[in-house]
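Have the viewer open as you read.

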Amino acid sequence: MHPCISLTINGVQRVIELADPRVTLLDLLRERLHLTGTKKGCDRGQCGACTILVDGRRINSCLALAVSHDGADITTIEGIARGEELHPLQAAFIAHDGFQCGFCTPGQIMSALGLINEGQAGGDAERIREGMSGNLCRCGAYAGITEAVLEQHNKLTEAKEKRVA
Amino acid sequence: MKSFEYVRPASVAEAIIAASQPGAAYLAAGTNLLDLMKAGVCRPHRLVDVTRLPGLDRIEPLADGGVRIGALVRNADLAHDTAFARAYPAVAEALLSGASAQLRNAATVGGNVLQRTRCAYFYDVASPCNKREPGIGCGARHGENRLHAVLGWSDACIATHPSDFCVPLVALDAVVEIEGAGGRREVRLEDLHLLPGAAPAVETVLAPGDLLTAVRLPAGANSLSRHARYLKVRERTSYAFAVVSAAACLSIDRGRIVEARLALGGVAAKPWRARDAEAMLAGGAPNSANFRRAADAALADAKASGDNEFKIELARRIMVRALALAAAGTPERIPALPASPFATQSGALLDA
């Protein structure tokens, strides 16, 4: 009998048997659950391509052992659209040319979601850039990424404030 | 990555027993340890997961005016804790200048303090490194060493301690609480990390099984909050370790420095407190001549360990600029680029 962990992934609870404690959340998502939207770039916490939300917070899934995250609530890029309707951030990345090859994009979008949840950036492009500095884009689409994130940061924050009011 | 046994103790006492065996390592977020395990630098037989230990994830104000920070508090949570950031702004700024948002969300206070050097020769298992394999030699000593230590190094090791967080902490007389086989004890953060000497593999005073459970700032550390800055030179704007950094915390009364606290990062195998410089500043005016004299004193014993002579003058200038920024006053809000010499800030000496 191998130890089992329970994870809620994009709203669905999964019980997963872990034969080997070395498995990272990234490898678990990609290799075991075939959720390949989350990308493996450097696998060392330097590029941000593997960014996911764990309990609402963005982290590098390549540096997180799955076995240590029993009970976690995980959101990946596959979990943010509503059916065929793109998440507003996904649509904004298209509208603002926030990518070229697209490899870093899932990580960029999950990181941007985390950044907006954190509520520290305000509507300041420099704070957005600093807050997104853990996500590298080798195509250099940073200008479009910043525009997309800034626009959605302001829209989503405004919507949240309206709900509270 | 070498295989390992995974254990998750329910109490600190169980954790200490589980981690006391040779080849055992504590696992918190794993942002440094997993990286080292993937590179084959660390090859633990057993990981003792401390992330579920109760009571270690709190930021507790103490009755005497100090604060206790549990070892499992995440770097981001500490930096964004409003009361903490107001009382210890240089610590918050240092935290936010380190790593990336993703890493700060995961990485813990204890893990930050105990993180390993980023010396490339330590990371490269094909290179000799006296930390990894005592006695085999140091690849950095005559290698690519422009970022290495200029204070406290030895021929056996010229690595630096990479933490930003530790720099203002050591300036503010932080203490670490440790639980071990012999019970609970406390060590000044300044005494936790060891200089390399002839035995660079021994990096701290911790014994096998010792668990860092909290970092404490003493009463009075918050009295320097109005003039407190951390400044860090990186090789890119963000998401990089310090080439050199400095924490400066002052208390100023009627145009005179009452008390000064100074420490440097990226220059030695430990966060480097500059006590001589502090003493020199006390009682004087906060002006650039005094700042420069203090910086000269702080770096008086500095010596290049290779192609890094430039770091000595850079450290002086960063210290002078950190002092000038601190004297100008803690900003209302941490700058968009925390600790960056490129951030515009009134009172900054951009050519110091």
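Predicted model: local features only at pLDDT ≥ 70, side-chain atom pairs only at ≥ 80, totals over all residues.

Now look at what else β6(B) pairs with. Strand β6 (residues 175–180) of chain B is also joined to strand β7 (residues 183–188) of chain B, through six bridges and again in the antiparallel sense.

## A parallel sheet in chain B

Chain B also has an open sheet of three strands, with parallel pairing and the order β1-β3-β2. At the edges stand β1 (5–7) and β2 (24–27) of chain B; each has a single partner strand, so one side of each is left without a neighbour in the sheet. On average, neighbouring strands here are turned by 25 degrees against each other, direction ignored.

Zoom in on one of the pairings: β2(B) and strand β3 (residues 46–49) of chain B pair over four bridges, in the parallel sense. Here B:Tyr26 has B:Val48 as its bridge partner in β3(B).

## Two domains in chain A

Over to chain A, which is divided into domain 1 (4–79) and domain 2 (88–164). Taken over C-alpha atoms, the centres of domain 1 and domain 2 of chain A are separated by 21 Å. Where the domains meet, 14 residues of domain 1 of chain A are in contact with 13 residues of domain 2 of chain A.

Which elements give two or more residues to the side of domain 1 of chain A that touches domain 2 of chain A? They are β3 (51–54) and β4 (57–60) of chain A. The biggest giver on that side of domain 1 is β3(A), with three residues. Sorted by class, the side of domain 1 of chain A that touches domain 2 of chain A has six nonpolar, five polar and three charged residues.

Technical notes:
Residues numbered from 1 in each chain as written. Chains lettered and ligands numbered in written order. Domains from an automatic or database assignment. Contact = placed C-beta atoms within 7 Å. Nonpolar A, V, L, I, M, F, W, Y, C, P; charged D, E, K, R; others polar. Pairing = 2+ DSSP bridges. Axes fitted to C-alpha atoms, helices over the stretch in contact; angles between N-to-C directions.
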